[in-house]
Amino acid sequence: MTYIVVAVVFASVLKTSLLNSVKQLMSLVHEKYTVTKIKELQDENNKIKNEINAVKKELIQLQIANGVPQIPVPGDKLDVEEHPVKLSTEDSGKVVSTENTSNESKPVKAAKPKKQVTPAAEEPPIDVGRLDIRVGKVLHAQVHPDADQLYIEQIDVGEEISRTVVSGLVRHIPLAELDQRMVLVLCNLKPQKMRGIVSEAMVLCASTPETVELLTPPPEAKAGDNITVPGYPRNPDLPFMNPKKKIFEKVAEDLKVNSKKQASYKDVPWEIEGKSGYITVQALSGCHIR
């Protein structure tokens, strides 16, 4: 009986010892396996990191070769060769050779030349020289079919085609007196329609509230002769004056008939370019010319 108990106890002790040995062996195996696996993972991680760095370096070189500036990050260094490199791109098949550094900036584009702005010409003074006044001959005149207070005249002013002029002279000048008469015509007013007819000029007259009288050029005057005023160079606005500037309205304040019954501007008599004589009226004096 004693032997049996001893055998049982021995068997139990042996079992426990075997279990401990197995546990220790398994622990050693597990520890060795873990260390080996960690080393394998570290080696693989280092390999991947090196591959990433190589790709990054190649990308930086490609960017530099294409003019993309590289901005270093504090604490980081750009691992880029400082000597010329030749890079090839798979997409284009072209070889790009360039010399760049990490601090290179984009090439500066040449500035486009600025368009030269021509300064506006100084506007001449507003005076009688801005008016295109000529001698004209009335070739034909008739009463406006739609306005019995208006005349329609065809006037020769020295051009290939006569001008159509609409005038409100019916109550002041008989039709027979107007036809074939030499008159003074303002030729650079902007054409405007009057009761359906476009008027291309204006017949100038001496006028008071009660009386209107045609201006008369000297006998030797011809259609198309220019009117000048000494001291005021002739420089008319062509083809016509800007209505918004009201040039004629301002000049007309000084267009008058003087005491000698001569057409004048600021008391200076009008003249015909290259000819003698003055523009006159028969009866009025000291009145405006319109």
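1. Two strands are said to pair if DSSP finds at least two bridges between them. Strand 3 (residues 133-144) and strand 6 run antiparallel and are joined by five bridges. Within this pair, Lys137 stands opposite Met182 of strand 6. Strands of a sheet pair through backbone hydrogen bonds, in either a parallel or an antiparallel manner.

2. Where does this pair sit in its sheet? The order 5-4-3-6-9 describes an open sheet of five strands with antiparallel pairing. Its edges are formed by strand 5 (163-167) and strand 9 (202-203), each of which pairs on one side only.

3. The model is predicted, and its confidence should be kept in mind. The mean pLDDT of the protein is 82, with 77% of the residues reaching 70 or more. Among the elements, strand 6 (residues 182-186) has the highest mean pLDDT, 97, whereas strand 2 (residues 95-98) has the lowest, 46.

4. Two stretches call for caution in reading. Over residues 81-85, pLDDT stays under 50, and the model has 11 contacts beyond four places in sequence for them. Over residues 87-93, pLDDT likewise stays under 50, and nine such contacts are present in the model.

5. As to the overall architecture, the protein contains three helices and 17 strands. Of its 290 residues, 29% are buried. Among contacts between residues at least 6 apart in sequence, 64% join residues at least 24 apart. The accessible surface comes to about 20200 Å², and carbon and sulfur atoms account for 56% of that surface.

6. Which residues other than glycine have a positive phi? Gln180 is one of them, with phi near 70°. Gln180 lies in the loop between helix 2 (175-178) and strand 6. Its relative accessibility is 42%, so Gln180 counts as partly exposed.

7. Asp267 also has a positive phi, of about 70°, although it is not a glycine. The loop between strand 14 (263-265) and strand 15 (268-269) holds Asp267. Is Asp267 buried or exposed? Asp267 counts as exposed because its relative accessibility is 68%, and the cut-off for exposed is over 50%.

8. The bond from Leu238 to Pro239 is cis, with omega near 5°. Pro239 is placed in the loop between strand 12 (227-228) and helix 3 (247-252).

Key. Residues are numbered from 1 along each chain as its sequence is written. This is a predicted model: local features need pLDDT of at least 70, side-chain atom pairs count only at pLDDT 80 or more; totals for chains, interfaces and linings use all residues. Side-chain values use heavy atoms; hydrogens and water are left out. Helices (H or I, at least four residues) and strands (E, at least two) are DSSP runs, numbered from the N terminus. Buried means under 20% relative accessible area, exposed over 50%, partly exposed in between (1.4 Å probe, protein chains only). Contact means heavy atoms within 4.5 Å. Accessible areas come from the Shrake-Rupley method with a 1.4 Å probe; for residues, only the protein chains shown count as cover. pLDDT is the predictor's confidence in each residue, from 0 to 100.
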